[in-house]
Protein chains: 2
Amino acid sequence: MTVRARVTVYPRPEILDPQGKAIAGALGRLGFDRVLDVRAGKSFEIELAEGSGSVEEELGQISEKLLANTLIEDYSVELLESESA
Amino acid sequence: MTVRARVTVYPRPEILDPQGKAIAGALGRLGFDRVLDVRAGKSFEIELAEGSGSVEEELGQISEKLLANTLIEDYSVELLESESA
């Protein structure tokens, strides 16, 4: 039994996002003038073995320890699916 | 009226993902031994003004032209919400 989850990491709203701004500017120059704003972040798809503890709790620890810098980034965890092996 | 959407870009399944492998290895060394696999990708949150054409079609063009290198990456588009301004 395995669980697939996705952790998404974005710069906090009050933190400047130069990569997102650069993409929004480039899209404007390419003619995509409906684009108002872009935020650029990271996405991690994680496969876990079923275990004793809570998957959400483990993913929270993983995010705080390794995937996100919580001083400047927010993260969110989504469970995608469980699969019987 | 604005639309928020998320474009997620991952390396294609047949392409090596050294960043994901490095993260999976680091998590194992940190004691997260339930982690079987990690894929590392990018996430873009895009805000668009309501317009004449289809939002999904515009986001597909944006992804193919700027956000994803479709030779080595797959992308997916999700609509998050519409907001009346």
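Let me begin with strand β1 of chain A, residues 2-11, which pairs with β3(A) in the antiparallel sense over 10 bridges, where two strands count as paired if DSSP finds at least two bridges between them, and where strands (E, at least two residues) and helices (H or I, at least four) are DSSP runs numbered from the N terminus. This is a predicted model, in which local features need pLDDT of at least 70 and side-chain atom pairs count only at pLDDT 80 or more, while totals for chains, interfaces and linings use all residues. Side-chain values use heavy atoms, with hydrogens and water left out, residues are numbered from 1 along each chain as its sequence is written, and chains are lettered from A and ligands numbered from 1 in the order in which they are written.

Within that pairing, A:Y10 has A:D74 as its bridge partner in β3(A).

Stepping back, 6 strands form an open antiparallel sheet in the order β3(A)-β1(A)-β2(A)-β2(B)-β1(B)-β3(B). The edge strands, each pairing on one side only, are β3 (73-83) of chain A and β3 (73-83) of chain B.

Now to helix α2 of chain A, residues 55-67, which lies across β1, β2 and β3 of chain A together with β2 of chain B. Its buried residues (under 20% relative accessible area, with a 1.4 Å probe and protein chains only) include A:V55, A:L59 and A:I62. The buried residues of α2(A) pack, with contact meaning heavy atoms within 4.5 Å, against β1, β2 and β3 of chain A together with α1 (18-29) and β2 of chain B.

Technical notes: Axes are lines fitted to C-alpha atoms, for helices over the stretch in contact, and angles run from 0 to 180 degrees between N-to-C directions. Buried means under 20% relative accessible area, exposed over 50%, partly exposed in between (1.4 Å probe, protein chains only).
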